[in-house]
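Please read the model below together with its sequence. The text after it goes through a few local features in turn.

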Amino acid sequence: MGTQAIDVVTANPDRFAVSSLAAGSNRALLVEQAVRLGARRIGLADPGDAGEATIRDMLAHEAARQGLPDRVEAIELGPEASERIAAADADVVLNAVTGAVGLRSTLAALEAGTDVALANKESLIVGGPVVLDAAARSGARLIPVDSEHSAIAQALRAGRAGEVERLVITASGGPFRGMSPAELESVTPAQALVHPTWNMGTVITTNSATLVNKGLEVIEAHLLFGIDYDRIDVVVHPQSQIHSMVEYIDGSTLAQVSPPDMRLPIAYALGTGTDGTTRRVPGATAPSDWTTPTSWTFEPVDSAAFPALDLAYRAGRLGHTAPAVYNAANEVLVEAFHAGRVTFPQISAGIAAALDALSGDAPAAADVLTVDSVLAADSRARDHARDWIAQAGAEQMRTVR
């Protein structure tokens with residue numbers, strides 16, 4: 001997501017410029033990008049054994065190699081680096097961190113009054129009212145970057161809020177579409193990473209295979225657009241040409257259509273000015289080719305094979321810390337799946353167990369949700385998932401014996 005955003009910026013130097021960059025651990029790429037883009041501030045969450053002096057030396061060598069000046073004035077290192085970078089002066093912050101760890105960066109930008117182009121859906125999902133309240137207090141906006149939510153935002157421009165009947169979020173179905181629950185017992189991590197449409201990281205690609213990602217998108221759509229869960233549907237559309245739809249009360253359904261390329265929703269988000277108007281970026285992606293014969297198909301989600309979607313609806317309706325529990329348990333279970341410690345269906349089973357144990361059916365709605373309570377729930381869910389994985393492994397060993 002970050003490199004594609006840079007593609008959009010460098011292709012439109014008259015519209016956009018990068019002031020700051022933050023990364024996880026890839027310091028070589030961060031330094032190369034900082035020099036090439038003329039960034040003034042950089043942050044590295046996991047610098048390894050590199051201190052600021054080392055990064056300064058790397059910047060100097062890279063500047064000499066590129067024949068460009070080193071414009072970096074500030075270097076932030078450590079776990080709070082992206083949070084400090086997000087709080088720096090900018091017109092818009094693109095948050096493309098994966099997972100709940102992106103929450104504090106989203107809040108830092110919003111609290112600074114900076115619009116957030118949100119690709120880190122987890123921060124809104126787990127933070128919920130905390131994130132929305134931060135935006136309301138500062139007047140900063142959350143601008144969706146996920147292709148599905150960008151599509152909805154574009155289609156919503158055709159009518160008033162009271163005219164919206166329902167939202168329809170499309171899903172590719174992932175690599176295991178059409179498989180039965182029994183067949184899914186033996187699928188491998190390598191197979192889960194072969195997504196039919198998108199090229200994404202390990203966690204998001206696996207989430208797409210389980211439909212956890214679609215469940216997270218349902219919760220995000222509810223929070224972004226204020227539509228009840230009963231009026232948000234998911235439909236499988238394997239061709240990934242329609243990115244989502246809005247159905248209106250008169251029976252009209254508007255869809256946003258384009259080839260699957262994240263540079264389009266990135267450009268649409270970055271093109272949203274501080275006055276709230278969106279100026280489309282010419283040539284953000286190639287348009288659909290309407291001269292080539294093609295077919296689009298739609299089918300319902302197989303909830304028996306992919307129960308994670310229904311679990312997301314449950315977590316969203318429960319609210320409070322339940323979405324944080326859902327997301328945190330999933331992150332631990334995905335890691336365990338790729339380590340060979342759980343099967344593919346056990347990802348959803350472990351999420352269900354975490355929701356049963358930590359959320360129940362009547363969360364303490366009177367409790368005020370805070371960042372600390374969200375992160376505490378996140379921690380408890382991770383611990384629960386690890387214990388559940390260990391127990392599942394022990395039971396499997398007993399069965400083998």
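This is a predicted model: local features need pLDDT of at least 70, side-chain atom pairs count only at pLDDT 80 or more; totals for chains, interfaces and linings use all residues.

Residues are numbered from 1 along each chain as its sequence is written, and side-chain values use heavy atoms, with hydrogens and water left out.

Strands β9 (residues 242-248) and β10 (residues 253-257) pair in the antiparallel sense over five bridges. Strands are DSSP runs of E with at least two residues, helices are runs of H or I with at least four, and both are numbered from the N terminus; pairing requires at least two DSSP bridges between two strands. V246 has L254 of β10 as its bridge partner. Four residues lie between the strands of this hairpin, where G251 takes a positive phi near 95°.

T170 belongs to strand β7 (residues 164-171). T170 has a relative accessible area of 5% and therefore counts as buried (under 20%; exposed is over 50%, partly exposed in between, with a 1.4 Å probe and protein chains only). The T170 side chain reaches the backbone oxygen of H243 at 3.1 Å. Leaving aside neighbours within four places in sequence, the contacts of T170 (heavy atoms within 4.5 Å) include E148, K214, I242, H243 and S244.

W290 is found in the loop between α13 (263-270) and α14 (308-318). W290 is exposed because its relative accessibility is 63%.

Definitions and conventions. A polar contact is a pair of N or O atoms within 3.5 Å; within protein, one must be able to donate a hydrogen and the other to accept it, and residues adjacent in sequence count only if both atoms are side-chain atoms.
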